[in-house]
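Trainee: I am new to this structure and would like the terms tied to their cut-offs. Please take me through it.

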Amino acid sequence: MYDLSKPQQSVYDMEKYAGGAISVICGSVIYRGARTQNELEHAVNYLYQINDALRMHIICTEEGMKQTVEKFISGSIEMLNFATKGELDVYACRYAREPIDIEGKICEIKIIFFNDGYGLLIKMHHLIGDAWTMSLVCSQFNSILKGEEPIAYSSIESILGVGRVGILDNFFDLGGDSLKAVELIARIEENGYYTDTRTIFSCDTVKELAEALMELLSSGLQILCHFQ
């Protein structure tokens, strides 16, 4: 069990004491073509498996709010069918306004189908992600469908020998150095991304490094955000 990070605590305090519409982010990713339900369900389950944040559970204790990661268990994924993207927009906007129980499931991924395509509808609490996190999950989903191994935080964690790495953590503050940077570059290239030490040195956080590697617009990817 872990304490909330400072950014997480700020989000929690704002929702609890100030209210507002910052607590939920909802977005969809759409592809042309066809995939089977089994292919898509396998891909979504793999997203849950490799991303601890998607299995995060918030617990209220006497010492304050804590977070823990639930064990991965493969399960069925809800399927939604829409005749048009307009229908998806109407549904997603209404869905985005529904609050998330902070002590319940704080990430939901649904599979969507159209006459000429398919995709995902993703809703998560800001305690575990933002628009960048949404783009990372969509990029991972794209890699899985292409038969590639998606890049995940575990690569950085194993290189640094630390238990958990957050998106706002600094590679060098966590014990990284030039030798470990070279090892990280090799691991990144194994996953089909390309960078150099200059990029790693210039990125202040893990989030900035991942943003430098993103290629979300490849393969005709279309991402829509449905805010509250």
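Trainee: Which residue stands opposite Met 124 in β7?

Mentor: Cys 107 stands opposite Met 124. Before going on, note that this is a predicted model, where local features need pLDDT of at least 70, side-chain atom pairs count only at pLDDT 80 or more, and totals for chains, interfaces and linings use all residues. Residues are numbered from 1 along each chain as its sequence is written, and side-chain values use heavy atoms, with hydrogens and water left out.

Trainee: What makes β6 and β7 a pair?

Mentor: Two strands pair if DSSP finds at least two bridges between them. β6 and β7 have seven bridges, in the antiparallel sense, so by the definition they pair. A hairpin joins β6 to β7 through three residues. β2 also pairs with β7 in the antiparallel sense, over nine bridges, and there Cys 26 stands opposite Lys 123.

Trainee: How many helices and strands are counted, and what makes a run a helix or a strand?

Mentor: The chain has eight helices and eight strands. Helices are DSSP runs of H or I with at least four residues, strands are runs of E with at least two, and both are numbered from the N terminus. β1 covers residues 2-3, so it counts as a strand under that cut-off.

Trainee: Where does β1 pair?

Mentor: β1 pairs with β4 (residues 64-69) in the antiparallel sense over two bridges. Tyr 2 has Gln 67 in β4 as its bridge partner. An open sheet of three strands runs in the order β1-β4-β3, with antiparallel pairing. β1 and β3 (56-61) are its edge strands, since each pairs on one side only.

Trainee: Why is β7 called largely enclosed?

Mentor: Buried means under 20% relative accessible area, exposed over 50%, and partly exposed in between, with a 1.4 Å probe and protein chains only. Nine of the nine residues of β7 are buried, so the strand is largely enclosed by the rest of the structure. Gly 117, Gly 119, Leu 121, Lys 123 and His 125 point one way, while Tyr 118, Leu 120, Ile 122 and Met 124 point the other way. Across the chain of 228 residues, buried ones make up 46%.

Trainee: How do you know that the buried residues of α3 line one face?

Mentor: The buried residues in α3 are Leu 88, Tyr 91, Ala 92, Tyr 95 and Ala 96. Seen down the axis, they fall within an arc of 130 degrees, so they line one face of the helix. That arc is taken from the directions from the helix axis to the C-beta atoms. The face turned away from the buried side carries the exposed residues Val 90 and Arg 97.

Trainee: What is the reach of α3 set against?

Mentor: α3 (residues 85-97) has 13 residues and reaches 18 Å from its first C-alpha to its last, close to the 18 Å expected. The expected span is 1.5 Å times one less than the number of residues.

Trainee: What makes a set of residues a nonpolar core?

Mentor: A nonpolar core is a set of buried Ala, Val, Leu, Ile, Met, Phe, Trp, Tyr and Cys residues joined through side-chain atoms within 4.5 Å. The largest one has 36 residues, and Val 44, Leu 47, Leu 54, Ile 109, Leu 120, Ile 122 and Phe 141 touch the most other members. The largest share of this core, six residues, comes from α4. Apart from it lies another core, of 12 residues, including Leu 88 and Tyr 91.
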